[in-house]
Structures are given as C-alpha cells and as structure tokens.
Amino acid sequence: MSIQRISTSFPHSTPQWKYDVFLSFRGDDTRKAFTDHLYTALEHQGIITFRDDPELQKGEAISLALFAAIEESRFALIVISQNYASSTWCLDELVRILECMEVKGTVLPIFYDVDPSDLRKQTGSFKRAFANHEERFKDDKEKVQRWRSALTEVASFSGWNSKEWYESQLIRDIVEVIWRRLQPRSFSYAENLVGIYSRLQPVNVLLDVGVDDVRFVGIWGMGGIGKTTMVKAVYERISCEFQFSFLLTDVRNSVEKSGLLNLQKQLLSGIWTKEANISDLHEGAMIIRRLLGDKRVLLILDDVNHPSHLEYLAGDPGWFGSGSRVLITTRNEHLLIGHGVERRLRVNELNDADSLELFSRKAFKRVYPEKDFLALSISVINYAKGLPLALKVLGSFLYGRDLSEWDSTLGKLGRVCKLEIFDVLKISYEDLDSEEKKIFLDIACFFNGQDKDRVTKALASCDFAAIIGIKVLIERSLLNLSDGRLWMHDLLREMGHEIIRLESPNEPGRCSRLWLLEDVKHVLTQNTGTEAIEGILVDSTELGVGVDVAPKSFLMMNKLRYLKIKNGNLPKGLDYLPNSLRILDWTRYPLKSLPSHFNPQKLQELSLSHSCIKHFRIGTQHLHNLKTINLSHSVNLVNIPNFKGMPYLEFLFLEGCIRLYEVDPGIGVLERLAVLNLKDCENLVRLPSNVGGLKYLKYLNLSGCSKLDKLPDELGHVVSLEKLDVSGSGIRELPSSIGLLKNLKVFSVAGCKAASSKSGNMMFNPFQLLQKRSHIP
C-alpha cells in the first residue's frame with residue numbers, strides 16, 4: 001500500500017458570542033407589532049437575540065448588564081422609528097452600540113416609517129426631539145452632540161427602509177441577511193474532517209444551489225461510511241442560502257423511539273408559530289406542504305430506512321418553493337428510486353492516504369503515525385478497508401497504548417468484531433427479511449468474490465429467490481457487483497461471521513454455518529454436528545493436511561444443504577450423507593463410491609472432481625433436481641450411471657477420466673443437457689448413437705480422446721450445437737451430417753487425425769466445410 005503524507009491547514013473559526021443579535025427599538029412605537037414579529041422570526045431561525053425594551057426597565061440610566069449585553073452581541077439591529085430620538089435611553093444605547101461595534105457591517109439599521117435623510121438632517125420628529133433635549137440638557141451640550149453625531153452616523157449605514165417593503169418580506173430579508181452573516185466563512189464543524197472536501201464535491205454538483213428548480217438528492221452507502229458527517233458539513237456550508245433550513249439526523253432511530261408523527265411536529269416547530277397539534281400523518285403532511293410550498297427550503301433527512309419517512313416528510317417537489325433542496329441519506333438505494341430521486345450518489349470508502357490520516361488523528365492526535373507505529377497503523381488501514389467508522393473506533397481504542405497492546409489488539413482483528421462497529425453494521429442486516437438474511441450469511445461465509453451467475457444458481461438451488469435477494473443486498477449497501485463478481489466489504493463479512501458465531505459461541509456444531517478450519521475439524525471428528533448446520537465449507541489444501549471425517553459425522557445434520565470440502569479424509573469410511581443436500585462439492589473424495597443410502601432428491605449440483613470414485617451410483621429414485629455432475633479427473637472411474645433418473649441434467653463434466661471407455665446409452669434421455677465435456681478421456685472408444693437426441697446440447701468437447709476414431713452419424717441432428725472440439729482426438733472420419741449443424745460457431749480440429757490425414761480414404765475434409773460455412777471460424 002502506498003501512503004502519502006498529507007498536511008492540511010484550516011483558518012481559525014469565528015469567535016463565539018453570547019448573543020447573535022442585540023435588538024434596539026423604541027417600545028411605544030413598535031413593541032407589539034413590527035419588533036415583536038421580527039424578534040419571533042429571529043428566534044425561530046435559531047438566532048439568539050437580546051431584546052431590550054426601555055419601557056420595561058426601571059430608571060433612566062442604562063445598567064452595566066445592558067452594556068455587557070451590547071458588548072457580547074455579534075450584531076446590532078436598530079429599529080429607528082418616528083419617536084426613536086425622543087428616548088434618551090435609546091440614544092444612550094445607540095452611542096454605546098457604536099462605541100462597541102466599530103465595524104460598520106455589524107450595525108444594521110432599520111428605518112421604520114422614517115426617511116434616512118431625516119436622521120442625517122435631523123428634520124421632522126427628530127428636529128423636535130433634539131429641541132427638547134437641548135432645552136432639558138442645557139448644562140450638558142456635549143451629550144446632546146454625541147446623540148446627534150450617532151444618529152447622523154447610523155443614517156449613513158446600509159440597512160432597510162420599511163417604505164420599500166411589505167412588512168413580511170422585510171422581516172424575512174432581515175432574518176436571511178443576519179443568518180447568512182452568522183455563518184462561518186470556513187467549515188468550523190468540518191475543519192478536521194479528513195477528505196471531506198473531495199467527498200462533498202460531487203454532492204455540490206448534484207445540489208447546484210442557486211438554480212431555481214426544486215431538487216431531491218440522495219446519498220447512499222453502507223453503515224459507518226460517513227453519510228451523516230457529509231450532510232452535516234453540507235448543512236453548515238449552505239444553510240444560510242435558504243429561508244428555512246432543517247437538519248433531521250438519525251430519522252430511523254427517532255421514528256423508532258417516538259414515532260413519525262412526532263418527527264413531523266419537530267419539523268413544523270421550526271416554521272409554525274403555534275404548537276403543532278396534528279392528529280395524524282396525513283394532516284401533518286398537508287400542513288408541511290402548505291407552510292413550505294412558497295419558501296426556499298433546505299431539508300436534510302438523515303438515515304431514512306422506510307418509504308413512509310419520505311412520504312410524510314418530503315412528499316414531492318411540489319411541497320417546496322423554488323430553489324429548495326431536499327437531501328436524503330440512506331443505506332437503501334431502492335428507497336430513493338421508489339421515491340423518484342433521480343440524483344443519487346453512492347458514498348465510497350476513503351482512499352489509503354485519507355484512511356491513514358483519519359486513523360492517525362484518533363490514535364495519535366496528529367495527521368501521521370508515530371514512526372514506531374507506522375507498520376501497525378498500515379495493518380489497521382488494510383483491515384478497515386476505508387470505512388471511517390472502523391478507523392475512528394480502532395484509532396480511539398488504541399490511543400495511548402504501547403506496542404505490545406497494539407500487537408495484542410491487531411491479533412484479534414478478523415476474529416472478534418468490535419462492538420461499536422458491529423452494532424452499526426448490523427442495523428442494515430436487521431432490516432432484511434428472513435430469506436434475505438440467509439442469502440447475506442451464505443455469501444459472507446461461502447460465496448464472497450465469486451461469479452454472480454454462479455452464486456445465483458447456488459442460492460436458487462436452496463429454494464431462495466436469489467435474483468431479487470442479491471439485488472436487495474446491493475441496493476442496501478451490503479454487497480457490491482464488480483466485473484461480474486459479488487464482493488462484500490471485509491467488515492460486513494466479519495459482521496456476518498460474528499452473527500453466526502453468536503448462535504453458539506462455545507459449540508460450533510450448533511451454528512448454522514461452518515467455514516473456519518478448526519471449527520469444521522472439531523465438528524467432523526467429534527461428531528458434534530446438529531440439525532442447526534445448513535452449510536459447511538472447508539479447504540485445508542494450502543496447509544498440506546487433510547481434514548479427517550468420521551463415518552457418522554453427518555448423521556444429525558438433516559438440514560445440511562451446502563457441503564464443500566477440499567482435501568477431506570475418510571480413514572474409516574463414510575456411513576451417511578444427508579439427503580437434504582442441494583450442493584455437494586467434495587474435491588478429492590477418497591472413497592470408490594458414495595454411501596449406498598444416499599438419495600438426495602433435491603440435490604442440484606454434484607461435484608466430485610479428482611475423486612477416487614470407480615463405479616458411480618447415486619440414489620434409488622429419480623433425481624429430478626440434479627442439474628450438474630462433475631467427475632473430472634476421477635482417474636479410477638470406469639463407467640457412469642444410467643441417466644434415466646436425472647432427466648433435467650444440464651452439465652456433465654468428465655474431463656480427464658482416463659479409464660472411462662464408454663458413455664452409457666442412457667445419455668440419450670438427457671434432453672436438457674447443454675454441456676458434455678469428455679476432454680482427455682484417453683480410453684474412450686465410442687459415443688452412443690443417441691447423442692443425436694440431445695436437442696439442447698451446445699458444447700461437446702472430445703479433445704484429447706485419442707482412441708475415439710469416429711463420431712456418431714446422428715451428430716448432425718444436434719442442431720443446437722454451437723461449439724464442437726475434436727482437436728487432438730483419434731477421429732479419422734467426420735460424418736457428412738455435420739454439415740447440418742447450422743448453429744455451429746466454433747469447430748476445433750487442430751491435431752485431429754481427420755484434419756491431418758493425407759489418406760485417400762478420408763471421407764470428410766473439415767476445410768471444405770469452412771468453404772461452405774464461412775461463419776464457422
């Protein structure tokens with residue numbers, strides 16, 4: 001793994017103030033109307049406002065507490081009305097505001113039913129007010145002059161003239177301006193979030209804030225991948241661009257705890273001045289739509305897991321005003337598809353460099369590991385596979401620990417799943433139905449990384465609705481499809497393994513699936529298997545040892561449907577195999593035959609490659625479900641069974657069965673057979689004539705059958721045949737009927753005696769066929 005050291009600097013965050021706004025006004029003029037409405041709108045937007053009402057104060061002198069409130073406020077909103085200058089309290093307050101807030105941008109005047117020129121020239125009501133002040137304060141002309149100067153100064157500030165607005169629009173604009181100016185110029189929340197800027201770039205493109213349409217954007221991915229972190233950063237960055245902004249985190253958990261109706265009330269509390277006494281979800285949805293339908297809204301719904309969440313919180317674009325954005329996070333892509341969300345983004349894992357930085361910030365409180373811990377840190381990165389949750393949990397756990405403790409912890413990885421990680425990942429698993437859970441566990445234990453079509457067939461053989469089941473797992477971020485193969489994130493696999501282990505922590509024979517070599521050895525040698533076991537996978541080939549299997553190991557496993565063994569020994573024979581098996585794959589099966597009472601009527605795949613089988617017999621009844629037989633490289637095999645009991649067989653692999661000398665004529669009943677592979681069956685001397693009855697056969701491989709000197713005349717009747725390989729065989733004559741194979745696409749004759757013969761007795765030249773059938777390569 002290549003790791004690059006990344007150094008990132010961030011600007012300092014905005015200073016923290018006790019109040020966002022100090023609201024100054026003349027009580028008699030606007031207290032019960034404009035100022036009250038403005039204060040309410042500020043508070044509903046979450047803007048912390050200090051409201052000073054001189055009429056409610058005792059005495060004429062401004063208190064030290066009021067001075068402190070001015071000093072501790074980020075902005076000052078001054079409602080200058082007709083009688084504002086008549087109040088010495090208001091004028092003293094104004095002087096103090098200008099002294100504390102030297103930067104003009106923090107003082108915002110509202111000229112309410114007055115003209116700014118009246119302040120500058122001090123005409124009209126302002127002229128009369130100052131005439132009274134000069135008479136009253138004859139001995140303190142300096143004070144009156146300070147008041148005059150303050151009014152003249154504030155009249156030059158940029159603000160609002162109420163005469164140019166409808167009152168509701170004026171209040172809305174004031175709140176928007178304050179809210180926008182309160183937002184930090186850089187991410188304060190996100191400034192230590194590793195990789196956040198690159199992750200948000202595609203989200204920003206999808207949102208395209210500023211365009212006047214209404215957009216729904218969906219972000220989906222597995223648990224712990226960082227979706228919530230991303231939308232919190234988005235909210236902090238763009239919420240100031242909207243009239244109303246709502247961030248509803250952990251929707252799933254909120255609904256489970258207090259219900260969806262309560263979540264509607266929570267949403268309405270931010271836009272409705274009265275208590276949201278709604279009686280049902282339909283009423284709540286109607287009110288949300290009515291109140292937001294003409295407003296520019298940002299609504300973020302985080303961790304949605306049910307269609308009703310979207311139906312009753314964000315029904316459709318018509319619920320929101322022009323320019324609105326609805327951002328949804330979920331683990332289930334199909335929820336987004338079902339709600340018509342076309343703009344969707346899957347969140348991918350962190351790259352190696354970002355993973356190392358995130359882990360280092362938690363484990364070392366710095367952006368790069370300490371030198372002595374670098375190799376161990378990279379081991380953690382490889383384990384976490386870019387999952388932020390795992391990196392944070394493991395980094396925090398390892399912080400401050402010494403090398404020996406790190407070594408001990410890393411020794412557990414892959415065997416024991418950290419509870420914090422397990423609990424988050426398991427949420428997605430719990431949302432599955434019972435059959436989808438079985439499919440997930442089967443893939444986690446047996447099929448990860450395998451071809452999708454192959455896995456689909458294997459699962460379907462167990463009576464699972466495999467096609468839709470796999471699709472659901474992909475949509476719910478539990479499975480990936482890449483290059484035709486199914487892949488599960490390593491931590492999801494580990495979570496699946498942990499679910500199985502917890503079925504019976506102390507006795508693996510009571511678990512539903514076995515895949516660990518030590519567990520399988522214990523169960524198969526000690527006869528501890530039970531009916532709980534549904535699948536077994538064991539491969540000890542790489543270790544160079546075989547797994548010993550006791551004769552009655554499978555006696556109690558009457559629900560076993562999947563058995564795959566490589567290098568399993570049977571030192572005392574085998575008395576029993578479960579008839580419940582759907583797939584039996586035993587490479588190097590060591591006995592000459594299968595147990596006599598083995599009659600698996602639901603068996604769909606039988607693979608005994610490289611086995612010691614000599615006489616192949618299976619069951620006493622029809623095996624109508626059997627579709628695949630693979631006996632390849634079973635060098636002792638001398639004959640194969642009468643196929644009358646297997647009418648639906650599709651694949652027959654007998655490659656490398658060097659002692660097999662003939663194919664049973666019963667093969668003619670296999671009307672569904674698509675593939676017949678007899679490659680390198682060196683002692684095969686004949687094919688039965690009724691091979692011509694295999695009307696669905698697409699591939700026939702006879703290459704290397706050196707003693708096979710001719711093909712059945714009836715072969716030309718197999719009109720479905722697409723590929724015929726007789727290269728390296730002993731065939732001297734090709735039947736003239738071969739020209740009838742109208743669907744033949746590949747005809748391999750290299751090294752075949754018929755192709756190389758110069759004898760005048762040669763009855764058919766394949767190259768003449770090529771001239772007549774130009775589409776055959």
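Predicted model: local features only at pLDDT ≥ 70, side-chain atom pairs only at ≥ 80, totals over all residues.

Reader: How should I read a sheet?

Author: In general, the strands of a sheet pair through backbone hydrogen bonds, either parallel or antiparallel. Helices (H or I, at least four residues) and strands (E, at least two) are DSSP runs, numbered from the N terminus. Two strands pair if DSSP finds at least two bridges between them. Here, an open sheet of 5 strands has the order β7-β8-β9-β6-β10, with parallel pairing. Its edge strands are β7 and β10, each of which pairs on one side only. On average, neighbouring strands of this sheet are turned by 10° against each other, direction ignored.

Reader: Which residues stand opposite each other in β9 and β10?

Author: Strand β6 (residues 215-220) runs parallel to β9 (residues 325-330) and is joined to β9 by 6 bridges; Trp220 has Thr330 as its bridge partner in β9. With β10 (residues 343-346), β6 forms 4 bridges, also in the parallel sense, and Ile219 stands opposite Leu345. Strand β8 (residues 297-304) is joined to β9 by 5 bridges and runs parallel to β9; there Ile300 faces Leu327. Helix α10 packs on this sheet, touching β6, β7, β8 and β9, and its direction makes about 170° with that of β8. Contact means heavy atoms within 4.5 Å; axes are lines fitted to C-alpha atoms, for helices over the stretch in contact, and angles run from 0 to 180 degrees between N-to-C directions.

Reader: What is the strand order of the sheet of 11 strands?

Author: The order of that open sheet is β13-β14-β16-β18-β19-β20-β21-β22-β23-β24-β25, and the pairing is parallel. Strands β13 (513-514) and β25 (746-748) stand at the edges with a single partner strand each, so one side of each has no neighbour in the sheet. Within the sheet, β19 (residues 605-607) and β20 (residues 628-630) pair in the parallel sense over 3 bridges, and Ser607 stands opposite Asn630. Helix α25 (residues 517-526) lies across β13, β14 (535-539) and β16 (562-566), running at about 115° to β14.

Reader: Is β6 buried or exposed?

Author: A residue is buried under 20% relative accessible area, exposed over 50%, and partly exposed in between (1.4 Å probe, protein chains only). In β6, 6 of the 6 residues are buried, so the strand is largely enclosed by the rest of the structure. Arg215, Val217 and Ile219 cover one side, and Phe216, Gly218 and Trp220 the other; all are buried. Ser239, in the loop between α10 (227-238) and β7 (244-248), also counts as buried, at 1% relative accessibility.

Reader: How is a pair of aromatic rings read?

Author: Such a pair is described by the distance of the centres and the angle of the planes. Rings of Phe, Tyr and Trp (its six-membered ring) pair if their centres lie within 6.5 Å; planes under 30 degrees apart count as stacked, over 60 as edge-to-face and the rest as tilted. The structure holds 19 aromatic pairs. The rings of Phe359 and Trp406 have centres 5.8 Å apart and planes at 80°, so this pair is edge-to-face. Phe359 lies in helix α16 (residues 352-363) and Trp406 in helix α19 (residues 403-412), so the pair ties together parts 47 residues apart in sequence. Phe359 is buried, with a relative accessible area of 0%, and Trp406 is buried at 1%. Ring pairs link Phe359, Phe364, Phe373 and Trp406 into a cluster.

Reader: Where is Gly546 found?

Author: Gly546 is found in the loop between β14 and β15 (547-548) and is partly exposed, with a relative accessible area of 26%. Leaving aside neighbours within four places in sequence, Gly546 is in contact with Ser540, Asn567 and Asn569.

Terms used:
Residues numbered from 1 in each chain as written. Heavy atoms only, no water.
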